[in-house]
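Visitor: I would like a close look at a single part of this model, taken slowly and with the cut-offs spelled out.

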Amino acid sequence: MKRIVILISGRGSNMEAIIQARDAGCLPGAEIVAVIANRADAKGLERAAAAGIPTRVLEHKRFADRAAFDAALAECIEAFQPDLVVLAGFMRILTEAFVRRFEGRLLNIHPSLLPAFPGLHTHERALEAGVRIHGCTVHFVTPALDHGPIVIQAAVPVLDTDDATSLAARVLAQEHIVYPQAVRWFVEGRLRVVAGRVQLLDAGAPAAALCVPQPD
Ligand code: GRF
């Protein structure tokens, strides 16, 4: 079994999509062993607990600095002996020491087509820039913020009528498809990083995306 730890800060809809994929049998060989939040009021904690997944809260505000929090977070994660750590709306910049510790087994989802629009407020910035397509990216985490080898992306059109809310919703629907897909590929051992680029091994294998349930 591949052991997965999911980190959240809020709503947890990407976490939910991964749980649903598991429940639908789309993540064979994977076990979600813990959900960890840096905020006690993270909504996703209730859903994780309801799904029978152990939860932990580690509030960053209680730590003197970023390094101290990240060290404690790393210890908390390591206690679950994860094969994969999934950042699912985890709104913290991570130290290099933390990233190095989990390098190669640390995935993030970002709501833009990286390398465009790293950082915050991606939907507003996409509208301001006038791009015609926008989207989301699942990538391996490296010490540079919202950088790192890209596993999968999904693009959506930007409509003339869009505001940041409508655009975010269109992107989020795609996030809920591509993140479980990326997790599945990782669990299957099909992701290899060569010279900063991700190779999908056995690309002719059945299209696992068809298995991933689409949340409402
Ligand atoms: C998502 O848009 C994700 O891409 C970004 O933060 C949001 C988290 O949403 N990093 P949720 O908590 O998964 O619902």
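Visitor: Which helix gives the most to the lining of the largest pocket?

Guide: The model is predicted, so local features need pLDDT of at least 70 and side-chain atom pairs count only at pLDDT 80 or more, while totals for chains, interfaces and linings use all residues. Residues are numbered from 1 along each chain as its sequence is written, and side-chain values use heavy atoms, with hydrogens and water left out. Helix 6 gives the most to that lining, with four residues; helices (H or I, at least four residues) and strands (E, at least two) are DSSP runs numbered from the N terminus. The largest pocket holds about 990 Å³ of space, a volume being the space filled by probe spheres set on grid points that are joined across faces, edges and corners. A pocket is here an open set of points on a 1 Å grid over the protein atoms alone, where a 1.4 Å probe fits, with protein on both sides within 12 Å along at least five of seven lines, and lining residues have an atom within 4 Å of a point. Of the 37 lining residues, Gly89, Met91, Ile109, Pro111 and Leu120 are the closest to the centre. Two or more residues each come from helix 1 (13-23), strand 5 (106-110), helix 5 and helix 6. By class the lining has 17 nonpolar, 15 polar and five charged residues, where Ala, Val, Leu, Ile, Met, Phe, Trp, Tyr, Cys and Pro count as nonpolar, Asp, Glu, Lys and Arg as charged, and the others, Gly among them, as polar.
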